[in-house]
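Q: Please take a close look at the helix packing here. I would like it set out in terms of geometry and residue contacts, with the cut-offs stated.

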Amino acid sequence: MASPLRRYAYAQARLRARIAHVLTRRELELLASHPDEASVRAELAAAGRGADPAIVLRAYEGVIAMLDGLPAEVLRRDRARYAAENVKLLLRARERGLGWAEVEPLLLPVPELGPGRVARDVLEAPQLADALAQLPPAPFGDPLRAHLRGAGGRAVERIHLELLAERAVYERLWDAVLALPEPDRRAAVRVVGTRLDAVQLVRAARLRVYQGRSAEEILVYAIRGGRALGSAERAVLAHEPPERWAAALARTPYARALAEAASPARLERALAPFLVREARAVLRGSPFHIGVPLAYLVLVETECADVRALCAGKRFGWPEARIAEALASDAGPR
Amino acid sequence: MMRPVPMQRVLLLAPRTDLAALIDAVGSLGAVHLLDLPDQESWRGAVARPEAPDARRALLDRLRRIDALLRFHAPPPPEGPLPALPDVDRAVDEWSAEVDALRERRVQLRERAERLERVQRGLASLAPSGVDPARLGALRFLHAACGWIDERELPRLEESLARIVHGVTRLERRGARRLVLVVSLARDREALQRALRGVGFERLALPSDGDVSPEEAEVPLAERVDTAREQLAGLEAQLAARRDELAAPLAAARAASERELLRVEAAALVGSSACVAFLSGWVPRARVAALRSAADRATAGRFHLRVEDPRSIDAVRRGAEEVPILFRNPAFLRPFEALVAAFGRPRWGELDPTALVAVSFWTMFGLMFGDVGHGAVLAALGGWMLRRMPARRDLALALVQCGISSALFGFAFGSVFGREDWIPALWFRPMEDVGRLLRIGAAFGLVLLSLGFALGVVNALLRRAWREAVLGPHGALAAAVYWTAAALGLRWLASGEAGLEAGRLALVLGAPLALFWACSLASELREPAAGRIEALFQSAIHVIELLVRSIANTVSFVRLAAFAVSHAGLLVAVFSLAQTVSTTAGGSVLGVLVIVIGNVAVVALEGLIVSIQAVRLVYYEFFSKFYEGLGLEYRPLRLAPLGAKEEAT
């Protein structure tokens, strides 16, 4: 067996072993029966689990180190989502005039833009143009600077910069997914495409409902990529009111979730299980493709989000049924 | 020479109305190291601190504004009398207003010139497409936008405009970017703008976009660009001229403000009651009479001066109050005074080690860098610097002295520019007797460390720290241990045997060690928090540390021999290389070049390394035995008399 192939096979085997240890819905519900948040956290700490996004980023780091070439690049671009979160945080902090000491602990440790000199320069630069000049060209430095140039000295809205940063990250990820050879591409389209669909739907809902943005803005900041949402579906999201989305998108897998969700936040919660389901689905069948690491990372990320929801639920004294509603994890492999 | 200038503490009482004149007089004298009287233990609560925060803040603000103007241009140092403060205030206001106006005008002109140039570039981009910008601007029912876009963004733009009537015309292409003309109905103008913003559209600047007056519009664009650039250049020239004019007055204003700030800060150290100001400080004994005269002149005789010797002051004896230290050494020792000061000044009552440092530095430098030629080069360089670079006087003096030392050792070693066959060695040649050189290095270390121990004892006695003088880590008992061990070691090195039977050896070396341990143990046991076992271990560690450090410190001086050998060895290598090169064609010239470059490199690099080693031996091996450098620097209030150049304190 050639060495890179053997390495790839070992990576798949190790990841499958790790997937077996991801918390299942049943285990999370058992945790929800604990009397308070402290006992939940103690139990999680004893099991080496937690809600810190750094756990997810460590998982990314470990998996990227196992892979080479395009599959590793796809994961790096996937991880850049967290760098986009850092950009958003820095832009908001600039707007509110927060100091570095307040912002630094909130930044996620990602190589593209983690807590460090560049982030600090972005925060403390006197002008927005100087701040954006600090960003590396990819994934979002160039698009943000182009947007600023296009404004020609007029003020730019922070929300536009945030949307652009997200759009750049997801579209770069999608380009990398489409460049993968088969069968990696097919598996990645299932997982990443479902994620992009969910992000697209929630973003459109938020822009429509919370921000009242125009159709042109929703379309121009939409992510060009995804599994079930194409140009026609994006037009529906931009031009139709959210209550008509379920009917207009009846041929997509998300019609029911769209019909039942009463708000963007509920829609986000309703869409999360779709991603977990696709992750579980790619684990069945052929064992050697990028779907395995992608699925592992989706499951780790979901576990972290669920643990966060669980702790918040215990903190605010939610009943167990309400906590269970907020969980996206599934029952585990069948 | 080994004692700092004797100081006396003074207390000046004068009417508060005379305080300003008194501070001026004291500052002009430049001899009083002021004490913060309201903060002193014995005066706390008895006198108040004059309140002058507004004056200080105002002065700092003025300095900030002057600095802002100084960034405008770095001026030469002021010459002539300093201006009066009210004049400075008025002038700074006027200059700030004038410079701000000029800067604002410059920004406006620069923006205008850039905008016109953008329009010029926009028109040039549009020209090949045959699009008439005037017609675009005249559209009533349509809205048109012309600009550059990343070609990959075009599908996104088309998709976002799908529901509005529009047209996208692709014009010129440059790399990945495309010039496009996008047209929509006038009522969809906002929707078009929103879509364009999201695709990084860079709109071309066109004449209709600018606020051009009808008169301007008749002038050709190129001419308008040239006019704007000429106006900007004219303003830059005006700014440069004004900058040169303001250079000297600005520097003088800064000096006057700094002087005033110093006065205000000095006044904050003065205590005051309802009518009397109390000023206290340390003055060199020889300058007390001058202080009395200055105070007499400033207050017309309405003052009282109390003078105290530090030995009579209880706080000084207890160590609660520091006496500032002013070195008193001949001018030629100034470079080494700086070396000692860099480590720290001696405490009051201690010996000033400058002279000893100088002698040991010269000796170590000469030993490591002994060469008549190299020494002469260093001395000549130092002499040249003395004449040409007065600001580097200390460095120049050190170079002359080290050069002389190097030359003297060069005669002793018989070395001239690395050649050992030109003059006879008055002592011996290092490369021929390395063992002897090693012994000399170690012996020098022994002497210097012994001196260190002796000075440690003397300093402790001068400070009246009797216990430390005898039982301290560098006291007489520790010195006895060191000297006993050194004597035995020397004998063993010379004859190969200690000269004593094992039992007697144990007794001779063990007795002072045991005594040292016992004293150390007693001292540890007196510590309230220490347990017996802990004290036992601590004291044992003190004994081991004494032994190990003394041996390590002494052995460290062997580097003197190592560097002397490396100096000679490097030059042997240079001459060997020169000889090899000289056998080739045109080799004699190359050989001379190799010798010259090799010698220059040795003088520059090795000279530096040897200096660093000598400093290291002084600081870490010698000073560690007796010197802590915890003394206070003497920093008198020094105000230049009005009408003269300002000096820093």
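A: Helices (H or I, at least four residues) and strands (E, at least two) are DSSP runs numbered from the N terminus. The model is predicted, so local features need pLDDT of at least 70 and side-chain atom pairs count only at pLDDT 80 or more, while totals for chains, interfaces and linings use all residues. Residues are numbered from 1 along each chain as its sequence is written, and chains are lettered from A and ligands numbered from 1 in the order in which they are written.

In chain A, helix α3 covers residues 37–46 and lies largely in the open, because the number buried among its 10 residues is 1 (buried: 20 or more other C-beta atoms within 10 Å of the residue's own).

From α10(A) the contact takes A:Tyr170, A:Leu173, A:Trp174, A:Val177 and A:Leu178, and its residues from α11(A) include A:Arg185, A:Val192 and A:Val199 (contact: C-beta atoms, placed from the backbone, within 7 Å). By class there are 10 nonpolar, no polar and 1 charged residues in the contact of α10(A) with α11(A) (Ala, Val, Leu, Ile, Met, Phe, Trp, Tyr, Cys and Pro are nonpolar, Asp, Glu, Lys and Arg charged, the others, Gly among them, polar).

In chain B, the axes of α20 (residues 559–582) and α21 (residues 587–622) come within 8 Å and cross at roughly 165 degrees. α20(B) and α21(B) are therefore roughly antiparallel, and their crossing is right-handed. Among the residues that meet are B:Phe563, B:Leu570 and B:Phe575 in α20(B) and B:Gly591, B:Ile595 and B:Gly598 in α21(B). The contact of α20(B) with α21(B) divides into 13 nonpolar, 9 polar and 2 charged residues.

Between the chains, 16 residues of chain B are in contact with 18 of chain A. On the chain B side, α5 (154–160), α6 (189–197) and β6 (202–203) each supply at least two residues, and α6(B) gives the largest share, 4 residues. By class, that side of chain B has 6 nonpolar, 3 polar and 7 charged residues.

Note on methods. Two residues are in contact if their C-beta atoms, placed from the backbone, lie within 7 Å. A residue is buried if 20 or more other C-beta atoms lie within 10 Å of its own, exposed if 12 or fewer, and partly exposed in between; C-beta atoms are placed from the backbone. Axes are lines fitted to C-alpha atoms, for helices over the stretch in contact, and angles run from 0 to 180 degrees between N-to-C directions. Angles under 35 degrees count as roughly parallel, over 145 as roughly antiparallel, 65 to 115 as roughly perpendicular and the rest as oblique. A crossing is left-handed if the near helix is turned anticlockwise from the far one by less than a right angle, and right-handed if clockwise.
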